[in-house]
Amino acid sequence: PGDRRPVRYPEPALAARAARVLRDNDTGAVITAAPRLYPHMWSWDAAFISIGLARLDVQRAISELQTLFRAQWRNGMVPHIVFTENDAYFPGPDRWGTEVAHDGPQHVRTSGICQPPVHAIAVQRVLEIGRRSSPADRADAERFVRDIWPSLYAWHRWLVEYRTPGSSGLIAIVHGWESGMDNSPRWDLPYAAVQPGTGLPPYVRKDVRIVGDPSERPSDREYDRYLWLIEEMRRAGYDQRKIVRNSSFLVGDVFITALFAVACDVLVELGKEFGQEPEEIADLQEWADNARAAVAGSCHSVSGLARDRDLRANRWLDTQTVAGFSALLCGGAPDEVQLKLLSLLDSDRWCGHPDLLAPVPPSVSPMRPGFNPRQYWRGPQWPVVVWLFSWAFERRGWHERARKLRDGGVKLTEDGSFGEYYEPFTGEPLGSTDQSWTAAVVLDWLC
Ligand code: 9YW
């Protein structure tokens with residue numbers, strides 16, 4: 001399998017290339033998510049990017065997270081995009097029109113939705129790396145954690161206050177983009193119910209011009225729905241209560257809920273160490289417990305897979321994707337469920353599939369109907385997802401599993417192109433190349 005691609009960089013050369021990608025994507029103000037396709041700061045990308053940056057320059061890693069949090073809305077939401085001046089991406093700030101929002105930030109332009117809450121995880125990682133780096137970095141990183149903790153708490157509180165409707169306890173998303181897994185088949189049923197209204201202003205996509213093969217990207221039909229949901233939110237003035245009450249898309253996202261649970265655990269650890277308010281620490285503990293219980297409660301009685309819930313149609317979504325392993329990220333499911341999930345993950349339906357170039361989970365099982373090895377979140381492998389599982393397994397004390405995922409992630413990316421996502425059988429990099437978060441997680445693996 002190692003010969004399917006012509007180029008393989010040894011680890012030190014791969015790390016040097018990854019570092020160069022981050023430097024090249026640095027506008028001076030932010031590291032863009034990708035050079036041409038994504039010329040802005042994305043929320044969860046920035047978190048991963050800061051983890052990679054910390055290996056190069058702790059100060060720069062800190063400032064990246066500070067830039068993101070300067071764009072935090074007054075209600076606590078961390079927006080999914082912080083826009084730069086570049087206008088090569090659609091939908092840009094004019095289309096979002098978040099100026100109509102009460103709670104938006106004053107000095108920067110942002111989108112009006114959020115992304116997965118992985119920031120506390122990044123902050124803790126930057127702290128760990130800073131502490132090992134030098135006395136000056138240690139002091140800076142510790143000061144940074146103390147300063148940013150209340151903003152992280154406010155972000156988590158926003159998710160609980162505004163985004164836990166219904167009784168499932170899952171954190172709800174109002175747009176597939178919030179999941180970070182834009183066109184995953186997880187969202188096919190809820191999106192089928194979204195009817196783009198006649199008032200959808202016309203638009204021209206820019207992504208398909210940059211990615212040479214449009215079949216690697218979401219379809220136009222999918223984009224109509226993405227844009228329609230933005231239109232609904234803009235008309236609601238980005239009032240969260242109204243959006244959660246009325247939007248045509250409202251889904252409890254089990255992957256976000258699992259990440260939220262561990263991110264709350266991390267914030268509790270940091271909060272105790274840095275002497276933050278005991279009541280706030282107690283809140284986080286409670287939120288972590290609730291989120292973990294919600295993930296466990298979503299697990300299918302036969303397969304054990306964690307499930308999203310369509311909160312408009314009031315039904316579980318049984319689509320089998322990598323998000324089904326969410327309970328392994330945060331724990332809390334009964335032992336027998338966990339064992340089932342681990343053996344499924346190892347099986348030929350997932351990481352053990354004999355034709356995979358690297359034994360890391362694809363976004364959808366290659367054995368499922370609808371699996372498409374080239375299309376975005378419908379089959380390809382995503383290095384950041386591998387990083388998350390590897391990180392979580394390490395944290396859970398599963399060192400051997402964590403190491404295997406890390407090794408698989410390095411194998412996937414050793415062609416040195418830092419693809420946005422990869423064709424699982426050939427290892428062909430797809431979407432953008434020189435994608436910042438891919439370079440960042442590779443750096444973290446190699447340093
Ligand atoms: C888009 C930047 C973002 C990621 C998302 C990914 C993609 C943007 O790129 O969405 O316009 O399609 O799905 O998770 O944050 O890397």
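1. Let's begin with the ligand. In this predicted model, the residues that surround the ligand are A33, Y38, W42, W44, D45, G180 and D182. Sorted by class, this shell holds four nonpolar residues, one polar residue and two charged ones.

2. Strands in a sheet pair through hydrogen bonds of the backbone, and the pairing may be parallel or antiparallel. Here the sheet is open and has four strands in the order β3-β4-β5-β6, paired in antiparallel fashion. Why is one side of β3 and of β6 left without a neighbour in the sheet? The reason is that β3 (172–173) and β6 (315–317) stand at the edges, so each has a single partner strand.

3. Strand β4 covers residues 251–252 and strand β5 covers residues 308–310; the two run antiparallel and are joined by two bridges. Which residue of β5 stands opposite V251? That residue is D310.

4. Now to the helices. A pair of packed helices is described by two values, the angle between the axes and the distance between them. For helix α3 (residues 58–70) and helix α5 (residues 119–133), the angle is about 160° and the axes are 10 Å apart. Angles over 145 degrees count as roughly antiparallel, and α3 and α5 are therefore roughly antiparallel to each other. Their crossing is left-handed. On the α3 side the contact is made by V58, A61, I62 and L65, and these meet H119, A122, V123, V126, I129, G130 and S133 of α5. By class, this contact of α3 with α5 has eight nonpolar and three polar residues, with no charged ones.

5. The crossing in which α15 passes α16 is left-handed. From α15, the residues P383, V386, W387, F389, S390, F393 and E394 take part, and they meet H399, R401, A402, L405, R406, G408, G409, L412 and T413 in α16. The residues of this contact divide into eight nonpolar, five polar and three charged.

6. Helix α16 has another partner to visit. With helix α17 (residues 436–446), α16 packs at an angle of about 130°, and the axes are 10 Å apart. That angle makes α16 oblique to α17. This crossing, too, is left-handed. R406, G409, V410 and T413 in α16 meet T438, V441, V442 and W445 in α17. The classes in the contact of α16 with α17 are four nonpolar, three polar and one charged. Notice that R406, G409 and T413 of α16 are listed both in the contact with α15 and in the contact with α17.

7. Finally, here are two backbone details to look up. Most peptide bonds are trans, and most residues other than glycine have a negative phi. Where is the peptide bond that is cis, with omega near 0°? It runs from F90 to P91, and P91 sits in the loop between β2 (81–82) and α4 (93–96). The other detail is Y376, a residue other than glycine whose phi is positive, near 50°. Y376 lies in the loop between α14 (335–346) and α15.

Methods:
Residues numbered from 1 in each chain as written. Predicted model: local features only at pLDDT ≥ 70, side-chain atom pairs only at ≥ 80, totals over all residues. Pairing = 2+ DSSP bridges. Near = placed C-beta within 6 Å. Nonpolar A, V, L, I, M, F, W, Y, C, P; charged D, E, K, R; others polar. Left-handed = near helix turned anticlockwise from the far one by under 90°. Contact = placed C-beta atoms within 7 Å. Axes fitted to C-alpha atoms, helices over the stretch in contact; angles between N-to-C directions. Parallel < 35°, antiparallel > 145°, perpendicular 65-115°, else oblique.
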